[in-house]
Amino acid sequence: MHTGMRQGPEIWLRGPVTPPEPVPPEPPHAHAAARRFSWIGTHGGAGVSTLAQVYGGQDCGRSWPRPGDPPSVLLVARTHATGLDTVAGAVEIFRRGGAPRGLDLDAVVLVADAPGRLPRPLAQRVRALESVIDVYRVPWVPSWRLGEFGHPPRGTRALARLTGATH
């Protein structure tokens with residue numbers, strides 16, 4: 001029998017509901033860990049294999065990700081002049097829509113090409129790059145030369161958070 005009165009949602013008809021079991025808190029990087037990246041080197045020796053080993057994700061070498069690889073891309077280059085030239089060119093390819101369909105450029109990762117500070121002309125080029133895209137810097141890590149990878153190095157907390165790597 002229809003009385004013309006609207007009834008509320010079913011929950012109001014059933015009465016009180018017992019509270020759900022408490023859900024254990026997620027680790028701080030649980031959401032980031034679920035997101036995977038494809039690392040693409042913009043030149044030989046950029047450090048893609050090392051970064052993929054330390055931070056996780058797919059090592060694509062210098063190739064576009066294949067079907068089934070994560071579509072979120074991190075471009076990798078060294079901080080020398082050639083590295084900065086190649087990464088700027090790769091960012092431009094994405095900007096003009098020249099990258100394969102379905103890929104998203106998330107950030108650029110610059111790996112130190114030598115210990116110490118960058119010379120002023122290179123630092124200026126990095127700042128110019130930072131004005132158009134997120135840039136993460138990875139310092140010179142002597143232990144990586146010896147094949148000792150372990151945890152992400154100091155000073156890369158933001159990159160570790162982005163990739164879900166433990167720091």
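## Terms and basis of the model

A residue is called buried when its relative accessible area is under 20%, exposed when that area is over 50%, and partly exposed in between, with a 1.4 Å probe and protein chains only. P142 has a relative accessible area of 51%, and is therefore exposed.

The model is predicted, so that local features need a pLDDT of at least 70 and side-chain atom pairs count only at pLDDT 80 or more, while totals for chains, interfaces and linings use all residues. Residues are numbered from 1 along each chain as its sequence is written, and side-chain values use heavy atoms, with hydrogens and water left out.

## Confidence

The average pLDDT of the protein (the predictor's confidence in each residue, from 0 to 100) is 85, and 78% of the residues score at least 70. Over residues 1–34 the pLDDT stays under 50, and the model has 11 contacts (heavy atoms within 4.5 Å) beyond four places in sequence for this stretch. Where pLDDT is low, the predicted coordinates should not be read in detail.

## Fold and surface

Counting DSSP runs, with helices as H or I of at least four residues and strands as E of at least two, numbered from the N terminus, the protein has 7 helices and 5 strands, which follow one another as α-α-β-α-β-β-α-β-α-β-α-α. Among contacts with a separation of 6 or more, 64% join residues 24 or more positions apart.

Of the 167 residues, 36% are buried. The protein exposes about 11,000 Å² (Shrake-Rupley method, 1.4 Å probe), and carbon and sulfur atoms supply 54% of this area.

P142 belongs to helix α6, which spans residues 142–145. Its C-alpha atom is separated by 8.6 Å from that of P115, 27 residues apart along the chain.
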